[in-house]
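Reader: I want to learn how to read charged pairs and surface patches. Can we go through one case together?
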Amino acid sequence: MPELPEVETTRRGIAPWLDGSEIRHVKVHDARLRWPVPTQISALRNLPVKAVARRAKYLLIHTEQGTLLIHLGMSGSLRVCDASTPRRKHDHVEFFLSNDNILRLHDPRRFGCVLWDTDDGAEHPLLSQLGPEPLGEDFHADYLKQALKGRKAAVKNLIMNNHIVVGVGNIYAAEALYRAGIRPGRAGARVSLSECVVLVSAIKEVLGTAIRQGGTTLRDFVNSDGQPGYFAQSLNVYGRSGEPCHHCDGIIKSKTIGQRASCYCPQCQR
DNA sequence: CTAAATACCTGATGGC
DNA sequence: TGCCATCAGGTATTTA
């Protein structure tokens with residue numbers, strides 16, 4: 001389940017194999033992803049790669065002719081293989097590189113996507129409306145306070161809303177709210193400015209730590225399983241329903257908020 | 001405009 | 001051993 005740290009770790013893992021290389025051609029084995037892979041993509045030839053970037057959870061492979069947009073959805077992963085490695089079930093798209101490696105998109109649940117933009121992707125409808133990057137300077141307490149103003153929806157849903165801030169998935173939303181001492185179900189409008197200060201730094205901390213730890217698993221991209229992996233980061237609430245809180249004598253509770261399991265400590269979070 | 005519900009999909013898991 | 005039901009989860013889209 002790629003969250004932002006996994007996507008960033010993936011970007012760092014594949015970039016060395018793509019930078020300075022060319023995508024010779026693309027082979028689509030199963031076009032049935034979140035959106036059908038455009039037939040246009042199968043016709044692409046000899047694309048010199050300029051850079052591998054990321055916006056929210058989208059990977060952007062900038063080339064001389066345009067940009068490939070790749071999303072890993074829930075179950076997607078990218079691996080760099082050589083031709084001797086057999087293609088696995090659910091390896092839906094292959095990018096053949098001029099250095100004889102193959103970048104393979106593996107996605108059992110097919111929630112991911114591979115799209116093409118003739119420009120740099122910034123104007124693409126999927127990217128143009130996104131909120132700030134959580135680790136960027138323009139995601140700060142004043143901004144968040146303003147974004148939550150007048151909102152009755154649960155603060156957890158709001159920080160998972162891509163128009164407000166990108167890249168915060170279910171796991172890290174729960175963990176950040178725990179660190180900030182805020183209950184996930186509280187209305188956005190009822191989060192004070194000083195709580196926004198704490199919440200913003202909690203989000204940055206949780207995501208930043210996970211990305212730093214992801215860096216240690218980079219080698220896994222080229223051999224073995226290709227899983228961006230499990231970050232050593234210990235989880236305080238996610239998946240710990242019924243277990244004791246790490247910081248008080250309370251028991252972690254789980255509640256469904258916006259169709260999603262949300263774990264929190266009733267004592268530490270108010 | 002906001003908020004909530006819906007859709008997409010397969011693998012893992014638990015009950016019978 | 002097999003089968004069904006349930007759950008998980010990102011996010012665009014639809015509905016209220």
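Reader: Is Arg88 buried, partly exposed or exposed?

Author: This is a predicted model. Relative accessible area decides: under 20% is buried, over 50% is exposed, and partly exposed lies in between. Arg88 has 26%, so Arg88 is partly exposed.

Reader: What does the side chain of Arg88 meet?

Author: First the general idea. Side chains of opposite charge can pair when their charged atoms come close. Here Arg88 meets Asp91 in a salt bridge, at 3.8 Å from N to O. Asp91 has a relative accessible area of 2%, so Asp91 is buried.

Reader: How many salt bridges does the structure hold?

Author: The structure holds 11. Some join up: Glu8, Arg11, Arg12, Arg54, Arg55 and Glu133 are linked in a network.

Reader: Which residue pairs with Glu205?

Author: Arg179 does, at 2.4 Å from N to O. This pair links distant parts of the chain, 26 residues apart. Arg179 sits in helix 6 (residues 170–180), Glu205 in helix 7. Arg179 is partly exposed at 38%. Glu205 is partly exposed too, at 43%.

Reader: Which residue does Glu195 meet in a salt bridge?

Author: Arg186, at 2.8 Å from N to O. Check the cover as before. Arg186 has 18% relative accessibility, so Arg186 counts as buried.

Reader: Now the patches. Which residues form a nonpolar patch on the surface?

Author: Patch residues need over 30% relative accessible area. Leu193, Val197 and Val198 form such a patch, with about 220 Å² of accessible area together. Take Val198, in helix 7 (residues 193–214). Val198 has a relative accessible area of 38%, so Val198 is partly exposed.

Notes. Residues numbered from 1 in each chain as written. Chains lettered and ligands numbered in written order. Predicted model: local features only at pLDDT ≥ 70, side-chain atom pairs only at ≥ 80, totals over all residues. Heavy atoms only, no water. Patch = residues over 30% accessible without salt bridge, like charges linked within 9 Å, V, L, I, M, F, W, Y side chains within 5 Å. Areas by Shrake-Rupley, 256 points an atom, 1.4 Å probe, with all protein chains shown as cover. Salt bridge = Lys/Arg side-chain N within 4 Å of Asp/Glu carboxyl O. Helix = DSSP H or I, 4+ residues; strand = E, 2+ residues; numbered from the N terminus. Buried < 20%, exposed > 50% of the residue type's maximum accessible area, 1.4 Å probe, protein only.
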